[in-house]
Amino acid sequence: MDEVDDSQKAERLYREEALAAKRPVGNPGCVSFTRCAECDEEIPERRRKAIPGCRLCAACQAEQDRNSHFS
Ligand SMILES: [Zn+2]
């Protein structure tokens with residue numbers, strides 16, 4: 001029975017490692033940049049909290065939105 005326990009433990013450990021490895025540093029999905037990726041302008045905390053994962057300041061975001069409408 002110990003064998004089963006060990007393999008289950010190993011599998012759980014493997015899954016946890018895989019999950020941890022899947023989480024990249026600075027994941028744009030949930031971590032907001034403190035500075036704009038375009039102009040290096042500081043992004044206000046209020047904006048970072050309002051838009052989880054935002055990478056651009058308000059001006060650059062507006063510019064990008066405008067450009068994306070054309071494509
Ligand atoms: Zn910017």
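1. D40 lies in the loop between helix 1 (2-22) and helix 2 (45-50). Helices here are DSSP runs of H or I with at least four residues, strands are runs of E with at least two, and both are numbered from the N terminus. D40 is not a glycine, yet its phi is positive, at about 65°. D40 is exposed because 9 other C-beta atoms lie within 10 Å; the cut-offs are 12 or fewer for exposed, 20 or more for buried and partly exposed in between, with C-beta atoms placed from the backbone.

2. The model is predicted: local features need pLDDT of at least 70, side-chain atom pairs count only at pLDDT 80 or more, and totals for chains, interfaces and linings use all residues. Residues are numbered from 1 along each chain as its sequence is written.

3. The chain has three helices and zero strands, in the order α-α-α from the N terminus. Of its 71 residues, 4% are buried.

4. Mean pLDDT (the predictor's confidence in each residue, from 0 to 100) is 81 for the chain, with 76% of residues at 70 or more.

5. Over residues 24-28 pLDDT stays under 50, and the model has three contacts for them beyond four places in sequence. A contact means two C-beta atoms, placed from the backbone, within 7 Å. Where pLDDT is low, predicted coordinates should not be read in detail.

6. Of the contacts in the chain with a separation of 6 or more, 11% join residues 24 or more positions apart.
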